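Welcome! Take a moment to look over the model below, and then we can walk through a few of its side chains together.

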Amino acid sequence: MKITLSLILALFVITWVGAQEDPAKDLKKVSRNIANYNLDPVVNADALTESVGLIEGVVKSSTFEKDGKAWLLYGNVYAEITNGQTQALVLDPEAEVSAPNAIINTLKGYKNAIAYAEKSYDKKDAITGLKGVLPNMYYLANTILNRQDYNAAFPAYHAVTEAEKIVDANGEEGIFTPEELLNTEFITGVCAFSAGQNEQAVALLTDLKKGSYDDAGVYEYLYKSYDVLGKKDEAVAVLNEGRAKYPDDKGLLFAEINVALTKGDLEALVDKLKLAMAAEPDNISVPTTLGNVYDQMYQKSLAAGDFVAAHDHFNNAKLYISKALEINPEHFDAVYMMGALEYNRAAELAAEVNKLADDYTKEGTKKYEARQAEMMAQFDKALPFFEKAEMLNGDDSNTILALREIYARKGNFDKSNEYKAKFERINGN
C-alpha cells in the first residue's frame, strides 16, 4: 500500500490519551494497537496515537514501572514514531519534525527494558529493537541539528550516542565505527554548548579530552563553555593547553586573541594578530583590529611622553589599517579608523598650536604658523576618509561630528553648520 505524505505526517501530531484505570488492560490494548498498526499504518494510524497515552500511563503505574515487557512495548511505540517521522522526512526533507522527543523516549523504553528484563530473550528483544531503530534515530537527530534547533538536537544526539554504546556493549554491531562515535560525541558536546547546557558540555568535552579523540575543537568549545560559566581560570587553562597541543589551529588562536582583547593585553595581541593575519590573509577584521591595537599603543605612548614609541605605533596603525583597506576599500570600520587616526594626530598638533599661541616673539610666531599649517594638513588627510565614511554610513554620529569640526577648522562655517544640524537630527536634539 502506498502511504501518502499527508497521512504519514498525521500519525505524528500526537494527542495524548489518558490511561484507563486498569494498566494491565491498557498494556494489552497497546500490544494489539501496535500489531494492528504494523499491519496497516495508514488505516490504523489512530491506534499508534492512542498507544502513546496508554503506555505512558502503564509505565507510571506501580504495577509496571519496573516491568521489562512493559518498557519493551514503550520502546516499540516510540520506535514506530521515530521510524514514521524519518519516512516522512525522506519523502519531504522540509517536513515538520513533530515529535523530536520520540528519539529520547525510544532509548528510554529499550534501556529500561534491558535493565528490567527477567528473561534473556526479553533483553535480546530490547537490544534488537534498539539496534533496528538506531539508524532512524540518527537520521532524525541529524535533521534536527541541520535545522539548528540545538535545544532539541542536544538530547537527541545524546540519546543516539548512548543507544550506540548500549548496542555495542551487548555484542551487537551499531552504526558507527569507534572514530565516528567519538565524532558524534563531540557534536553532542557542541550541541550542549549551543543549547546553553554548558555544565553538560563541559562534562562531555572533558571526557573526550581525556580520551583518544584528536580534535582542537574539543579545547575550543571547552574554553567557550567554561567562559560562559564564568570559570575564567579553567577557561584560560584549557585554552593554553589547547594552544600548546594545536599551535596552528585558527579557532584556538582567535579565542586567545579574544582573551587578550578582554584583558587589554596590547603587546600580546600584536604577535597573535600577526599570526592570525598569516592564517587568514583575507579576514579584514584582523588587520583592522591590529590597526586599532597599534592606535591604542600610540595613545598610551603619547600620554607617557614616549614620542619615539608613539611615532612607531602611529605608523604601524596606519600600515595595518591600510592593509584592511586593501582587502576592502568600502569597509566602513577601516575607512572610519583611518580618518580617526589622522584626525587624532591633527588634534595632537592642535594642542601644540594652542601652546604656541601665547608666544608673540618672531621665533614663536614662526613656530606657531608652521605647526598651524602642519595641523591643517593633517586635518586635510583625515577629511576624505570621513567623507567616504559618511557615504558608507550617513547616520554615524562620530563621523558627522568629525566632519563638523574639520570644516570649522577650515573656516567653512556653512558646511560646519550643515553637519551640526545633521548631528542634532541624528541624535534627536
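## A polar contact at Thr399

Let's begin with a pair of side chains: Thr399 and Asp396 make a polar contact through their side chains, at 2.7 Å. Please keep in mind as you explore that this is a predicted model.

Where does Thr399 sit? You will find Thr399 in helix H18, which covers residues 397-409. Is Thr399 buried or exposed? Its relative accessibility is 0%, and because buried means under 20%, Thr399 counts as buried. If we set aside the neighbours within four places in sequence, Thr399 is in contact with Phe332, Tyr336, Phe386, Ala389 and Glu390.

## Salt bridges across the sequence

Now let's turn to charged side chains. How many salt bridges does a search of the whole structure find? The search finds 22 salt bridges, and a few of them are worth a visit.

One of them joins Glu172 and Lys131, whose closest N and O atoms are 3.1 Å apart. Glu172 belongs to the loop between helix H7 (150-169) and helix H8 (178-194), while Lys131 belongs to helix H6 (residues 120-146), so this pair ties together parts that are 41 residues apart in sequence. Glu172 counts as partly exposed, at 26% relative accessibility. Lys131 is partly exposed as well, with a relative accessible area of 33%.

Another salt bridge brings together the side chains of Lys231 and Glu199, at 4.0 Å from N to O. Here Lys231 is in the loop between helix H10 (216-228) and helix H11 (232-245), and Glu199 is in helix H9 (residues 198-210), so the pair ties together parts that are 32 residues apart in sequence. Lys231 has a relative accessibility of 31% and counts as partly exposed. For Glu199, the relative accessible area is 48%, and this residue is partly exposed too.

For our last stop, find helix H17 in the structure. Arg371 and Glu374 both lie in this helix (residues 362-392), three residues apart, about one turn of the helix. Their side chains meet in a salt bridge of 2.6 Å, N to O. Arg371 counts as partly exposed at 28% relative accessibility, and Glu374 counts as partly exposed at 31%.

Conventions
Residues are numbered from 1 along each chain as its sequence is written. This is a predicted model: local features need pLDDT of at least 70, side-chain atom pairs count only at pLDDT 80 or more; totals for chains, interfaces and linings use all residues. Side-chain values use heavy atoms; hydrogens and water are left out. Helices (H or I, at least four residues) and strands (E, at least two) are DSSP runs, numbered from the N terminus. Buried means under 20% relative accessible area, exposed over 50%, partly exposed in between (1.4 Å probe, protein chains only). A polar contact is a pair of N or O atoms within 3.5 Å; within protein, one must be able to donate a hydrogen and the other to accept it, and residues adjacent in sequence count only if both atoms are side-chain atoms. Contact means heavy atoms within 4.5 Å.
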